Amino acid sequence: MKKSKLFRLINSLALEELSHFTTFLNASFFSNSADVRRLWKYLLKHKKQEKLDQLEKKGVFRHLFKDTIYSDVKLRNLMRKLTKVLEDFLIFQHIESQTTAREIILNKVYQRRNITPLFEQSNIKIKKLLT
């Protein structure tokens, strides 16, 4: 598990980011899966205890699904879902920190939605940011 994309992403997060990701994950817009949230809670507990790299798939599965027969496919799908939400969080964090990039993306949204006044205001703001 420790070589998985999910574990590499989790290990790249600072302590504050772990907390922010928990908030992000718990927003129902980003994940409506209770299993994904339970997996995160379990992994976070082990990350904080610096024992994340000691986890094994069967033990994680047993914790999440108690008496259910182990299914590698089910666990991998759950890990994939959590990885996607974590990647979305990292993208969101990056865009929030990049004022010009955020404004350019917003400008394109206004344009695609034909919201001309907001599109024009955004163009002016971008020009100021770039000069």
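Reader: Which helix holds N107?
Author: Helices are DSSP runs of H or I with at least four residues, strands are runs of E with at least two, and both are numbered from the N terminus. N107 is found within the run covering residues 99–112, which is helix α6.

Reader: What pLDDT do local features need in this model?
Author: Residues are numbered from 1 along each chain as its sequence is written, and side-chain values use heavy atoms, with hydrogens and water left out. This is a predicted model, in which totals for chains, interfaces and linings use all residues, side-chain atom pairs count only at pLDDT 80 or more, and local features need pLDDT of at least 70.

Reader: Does N107 count as buried or exposed?
Author: A residue is buried under 20% relative accessible area, exposed over 50% and partly exposed in between (1.4 Å probe, protein chains only). The relative accessibility of N107 is 7%, and therefore N107 counts as buried.

Reader: Which side chain does the side chain of N107 join in a polar contact?
Author: Leaving aside residues up to four places away in sequence, N107 touches F119, S122, N123 and I126, where contact means heavy atoms within 4.5 Å. A polar contact is a pair of N or O atoms within 3.5 Å; within protein, one must be able to donate a hydrogen and the other to accept it, and residues adjacent in sequence count only if both atoms are side-chain atoms. At 3.2 Å, such a contact joins the side chain of N107 to that of S122.

Reader: How far apart in space are Q111 and M79, C-alpha to C-alpha?
Author: Q111 also lies in helix α6, but with a relative accessible area of 47% Q111 is partly exposed. Along the sequence Q111 and M79 are 32 residues apart, while in space the separation of their C-alpha atoms is 36 Å.

Reader: What distance separates the C-alpha atoms of T83 and L6?
Author: T83 has its place in helix α5 and, at 8% relative accessibility, counts as buried. Not counting residues up to four places away in sequence, T83 touches K5, L6 and L9. Although T83 and L6 are 77 residues apart along the chain, the distance between their C-alpha atoms is 5.2 Å.

Reader: Which backbone nitrogen lies 3.2 Å from a polar atom of the side chain of S4?
Author: S4 has its place in the segment before α1 (5–12), and S4 is buried, with a relative accessible area of 18%. A polar atom of the S4 side chain lies 3.2 Å from the backbone nitrogen of F7.

Reader: How are α2 and α3 oriented to each other?
Author: Axes are lines fitted to C-alpha atoms, for helices over the stretch in contact, and angles run from 0 to 180 degrees between N-to-C directions; those under 35 degrees count as roughly parallel, over 145 as roughly antiparallel, 65 to 115 as roughly perpendicular and the rest as oblique. Helix α2 (residues 15–26) and helix α3 (residues 34–48) pack at about 170°, with axes 11 Å apart. That angle makes α2, relative to α3, roughly antiparallel.

Reader: Which residues of α3 make the contact with α2?
Author: From α2, the contact takes L18, F21, T22, L25 and N26. From α3, it takes V36, R37, W40, L44 and K47.

Reader: How are α4 and α5 oriented to each other?
Author: The axes of helix α4 (residues 57–65) and helix α5 (residues 72–97) come within 10 Å and cross at roughly 85°. The two helices, α4 and α5, are therefore roughly perpendicular.

Reader: What is phi of K66?
Author: K66 is found in the loop between α4 and α5, and at 55% relative accessibility K66 counts as exposed. Phi of K66 is positive, in a residue other than glycine, and is near 40°.

Reader: What radius of gyration does the chain have?
Author: The chain has 7 helices and 0 strands, and its C-alpha atoms fill a box of roughly 60 × 25 × 20 Å along the principal axes. The radius of gyration is taken over C-alpha atoms, and the globule rule is 2.2 Å times the number of residues to the power 0.38. A compact globule of 131 residues would be near 14 Å, but the chain has 19 Å.
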